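Here are a few notes to go with the model you asked me to look over. Have it open while you read.

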Amino acid sequence: MLSTGMEDVHPETTFELYEMFLAFLQAPTYHLALEAVLAVLVCWLLVHKSYKPQRVELTEQEKEQLIAEWIPEPLVPSADESQPSPKPRTITGKVGKIVMVDGKKCLNAATHNYLGLVEHEKLEEAALQCLRKYGVGSCGPRGFYGTVDIHLELEARLAKFMKQQEAVLYSYGFSTISSAIPAYAKHGDIIFLVDFHFIFDEGVNFAIQKGLVASRSQILFFKHNNVEDLERLLKQQEERDKLNPKRKPK
């Protein structure tokens, strides 16, 4: 008995192959030609070696010529003449309550010199004496090699004046506020004080705001100089404390 090998082929598979063959015969000529071109292109890409451009070695003279002819592009494009660039205002002289801005006498309303110490004659003389003895600064942090005897002396005098055990000096006010707050109100303090909150005026300066963010405590802001809003927040916090069994009075 002659076997064709088609006995094991499923009838549905045979029918699908037959339909594919008919679709191939009925396809447009341009469609078959396009598929043939694509097939040839794929085969060519698979067997073709990658193109490696020939490396050209330049002489020293050619390199020098290219460097001399190279004109770098400006990092900032030139401003349009119709839109003049902003001109910063220049202050000459001391930055006190009265300043000279571009040759014009003006009242300085943008300063942190609240006590007028910049123009204090005794402070100026003391600063000159300090410069002659210590120079312009230690040029290093306090914890490394920046602590000098005058720092320790001033801290001791401040602690005595404030009737405290010790005092610490910071280089400027922003670092003082932004580091002192998180030092006393860290996220871990919640272990000892449940629902640790801060309630602050929303108009506090930027240094206090950064210190509050660094503390990672829950912060509640009341409206600027609004006692009624502050009272509202305090009452809300009181109600929350009553619902917390750990905060209930024993």
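**Notes on the model**

1. Asn 108 touches Val 95, Gly 96, Lys 97 and Val 99, leaving aside residues up to four places away in sequence; contact here means heavy atoms within 4.5 Å.

2. Before going on, some housekeeping: this is a predicted model, where local features need pLDDT of at least 70, side-chain atom pairs count only at pLDDT 80 or more, and totals for chains, interfaces and linings use all residues. Residues are numbered from 1 along each chain as its sequence is written, and side-chain values use heavy atoms, with hydrogens and water left out.

3. Back to Asn 108: the residue sits in the loop between strand S3 (104–107) and helix H4 (121–134). Helices (H or I, at least four residues) and strands (E, at least two) are DSSP runs, numbered from the N terminus. A polar atom of the Asn 108 side chain lies 3.1 Å from the backbone oxygen of Gly 96.

4. Is Asn 108 buried or exposed? Asn 108 is buried, with a relative accessible area of 16%; buried means under 20%, exposed over 50% and partly exposed in between, using a 1.4 Å probe and protein chains only.

5. Now the sheet: 3 strands form an open, antiparallel sheet in the order S1-S2-S3. Strand S1 (91–92) and S3 are at the edges with a single partner strand each, so one side of each has no neighbour in the sheet. Two strands pair if DSSP finds at least two bridges between them; S1 and strand S2 (residues 98–101) pair in the antiparallel sense over 2 bridges. Ile 91 stands opposite Val 101 in S2.

Note on methods: A polar contact is a pair of N or O atoms within 3.5 Å; within protein, one must be able to donate a hydrogen and the other to accept it, and residues adjacent in sequence count only if both atoms are side-chain atoms.
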